[in-house]
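Please examine the sequence and the structure below before reading on. The paragraphs that follow lead through selected side-chain contacts.

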Amino acid sequence: MEWLGILAFVLILCYSGYPSRVQKAEKSLKNAEKKIKALERNITGGNDMSDMIKALKGKKCKLTFVDYIDFIEGTLNKVVECTVIDADDEWMKISFTSKKANKKSKEEKIVNQIVRIEHINSIELSE
């Protein structure tokens, strides 16, 4: 009977390091996934494209979106003339003039908007 208790104690000692091994394996898996994503971006040209978009900072351009986007107060625009304020790998901050049509007067106001890059179909640089 005592040997059964000793066997259980030995098994507990053997598997006590199991959670730390799982954590190490999860860390190495996350690192491998990050490296794979970086390699995929290099193959597909993701880094080059994001560098080109980052180079648009401060320039005026026309953005054509994949679908109509409701920017502000119900105005649906597919092509927007804007100035690129900032950009990173996934998002672009733009500034454009919104023409809010009232019945009495036409107001224009400058709007800063953050847009996902994947929603942009094409970018045309305007001079």
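A charge sits over a ring if NZ of Lys or CZ of Arg is within 6 Å of the ring centre and within 35 degrees of the ring normal. In this predicted model, local features need pLDDT of at least 70 and side-chain atom pairs count only at pLDDT 80 or more, while totals for chains, interfaces and linings use all residues. Residues are numbered from 1 along each chain as its sequence is written, and side-chain values use heavy atoms, with hydrogens and water left out.

The charged end of R116 sits over the ring of W91, at 4.8 Å from the ring centre. R116 also takes part in salt bridges (a side-chain nitrogen of Lys or Arg within 4 Å of a carboxyl oxygen of Asp or Glu). With E90, the N to O distance is 3.5 Å. This pair links R116 in strand β4 to E90 in the loop between β2 and β3, 26 residues apart; strands are DSSP runs of E with at least two residues, helices runs of H or I with at least four, numbered from the N terminus. With E118, the closest N and O atoms of the R116 bridge are 3.4 Å apart.

The whole structure contains three salt bridges. Among them is the one between D86 and K57, at 3.2 Å from N to O. Because D86 lies in strand β2 and K57 in the loop between α3 (46-54) and β1, this pair ties together parts that are 29 residues apart in sequence.
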